[in-house]
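Morning, everyone. Please look at the screen, and I will talk you through what is there.

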Amino acid sequence: MALDAETRDQFIDTLRRFVTERLRPLEAQVAEADRVPDGVIEEMRDLGLYGLSIPEAYGGLDLSMEDECLVIFEMGRTSPAFRSEFGTNVGIGSQGLVMFGTDEQKARWLPGIATGETVTSFALTEPEAGSDSAAVQTRAILDGADYVLNGSKRFITNAGKAGLFTVMARSNPDVKGGGGVSAFLVPSDLPGITVGKPEKKMGQHGAQIHDITFDNVRVPVENRLGGEGEGFKVAMQVLDKGRLHIAALCVGVAERLIADCVAYAGERKQFGQALSGFQLIQGMIADMKTEAMAARALVLEGARKRDAGQTIVLEAAAAKYFASEMVGRVADKAVQIFGGAGYVADYGIERLYRDVRIFRIYEGTSQVQQIVIARETMKRGG
Ligand code: COS
């Protein structure tokens, strides 16, 4: 459901002020401490950010995909670590439940997810199953009224604070590939679950990823999400939406970097004039802006199609592929425009340069998106 235009615009206006006045001044501190302060998390909960995509009946804002993307464009204008705090609740951690959950499952978990009381994680990736996610080895073997989970998951965003995992596990070991995989709603406090320490990463400090191990974890049958053997398709459809969301984030970060470059190029003088007067600088700004506009249009087109009930396999992959590669190029040019200052921590440009690198990898690498785009294009005959 879409907000009416006025309410939507007011919400975005409030968010823009929150990002500019509250979050941006904290960026360096968050990166240094590798955590978002609890007070900020509370404020993001109060704004309703954890429940952007959760149906109103369960306490969320129930935004259309287009409105969600408009919100995420704004969140991109600060450190991606802030978005990551609530990103799993809005995206990959909750959407399996929203799309495939039973009424009982939704009533049990969605209200807490909408407020942020319950943080969620999406547990698909494993040491031996990254891009080839249909190869998951974690087992979920039916034993009486429970599935017994054994195995491990890797690089799971927000696992350290999650109350609920959506876990993809092989419930039929005789079936290779996606058809043997089911999805499960797994409360993180079940006996036999261990969450590893946060990984040290190249960027996005403040956002944390962990391994999870399952050692004879008994998950009641009623926690299966979707049918037996439907887990891979659940994951793929969750990722279709997630990819649009990440593409929107890439656009937001690019727009932030462009604004920073325009401001800096207007102030910094060389050879007796502001950098902005040099056509070689203008050329870089023109390329950055054109690419960011193209990515924004691609994201909104995909979002509108999803809102209209159409499948977005191609659109989501194309938006994620283009936007994540685009923001890499934009960040690289931003370092160039800032020159030495772009390489020095105080200006924040080198931090964003490192932050954006993961966009080409998580929720499907650029190479996975290329495969999806090519398959869909060939399926459609062009
Ligand atoms: N929506 C609905 N169904 C989908 C789907 C989608 N987006 N994508 C695939 N499927 C279905 C297929 O239609 C197929 O169904 P049938 O068996 O009934 O024909 C089934 O799922 C298997 O699909 P496919 O043959 O395409 O699977 P592959 O093993 O070839 O995998 C890729 C395809 C590589 C695209 C997939 O594994 C992928 O996206 N990997 C990356 C995962 C990822 O993003 N990981 C990041 C970590 S999570 S943050």
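Predicted model: local features only at pLDDT ≥ 70, side-chain atom pairs only at ≥ 80, totals over all residues.

Now the shell itself. There are 18 residues around the ligand. Ser 131, Lys 233, Asp 240, Arg 243 and Arg 375 come nearest. By class, the shell splits into eight nonpolar, five polar and five charged residues.

Next, the polar atoms. Take Asp 240 first. An N or O atom in the Asp 240 side chain is 2.8 Å from a nitrogen atom of the ligand. Arg 243 faces an oxygen atom of the ligand, with a polar side-chain atom 2.8 Å away. Then Arg 375. Between an N or O atom of the Arg 375 side chain and a ligand oxygen atom, the distance is 2.6 Å.

How much of the ligand does the protein cover? On its own, the ligand has 1000 Å² of accessible area, and the protein covers 65% of that.

Which elements give two or more residues to the shell? They are α8, residues 231-267, and α13, residues 366-379. The top contributor is α8, with seven residues.

On to Glu 27. Glu 27 is in helix α2, which runs over residues 27-33. Is Glu 27 buried or exposed? The cut-off for buried is under 20% relative accessible area. Glu 27 has 4%, so Glu 27 is buried. The Glu 27 side chain has a partner: a polar contact of 2.8 Å joins it to the side chain of Arg 256.

Last topic, the rings. Two values describe a pair of aromatic rings: the distance of the centres and the angle of the planes. Centres have to lie within 6.5 Å for a pair. By that rule, the model has seven aromatic pairs.

One of them is Phe 359 with Tyr 362. Their centres are 6.0 Å apart. Their planes are at 50°. Why is this pair called tilted? Under 30 degrees would be stacked, and over 60 would be edge-to-face. The angle here is 50°, so the pair is tilted. Phe 359 is also buried, at 0% relative accessibility.

And there is a cluster. Tyr 264, Phe 338 and Tyr 347 form one aromatic cluster.

That's it from me. Over to you.

Note on methods. Residues numbered from 1 in each chain as written. Heavy atoms only, no water. Buried < 20%, exposed > 50% of the residue type's maximum accessible area, 1.4 Å probe, protein only. Near = heavy atom within 4 Å. Polar contact = N/O pair within 3.5 Å; in protein donor to acceptor, adjacent residues only side chain to side chain. Areas by Shrake-Rupley, 256 points an atom, 1.4 Å probe, with all protein chains shown as cover. Helix = DSSP H or I, 4+ residues; strand = E, 2+ residues; numbered from the N terminus. Nonpolar A, V, L, I, M, F, W, Y, C, P; charged D, E, K, R; others polar.
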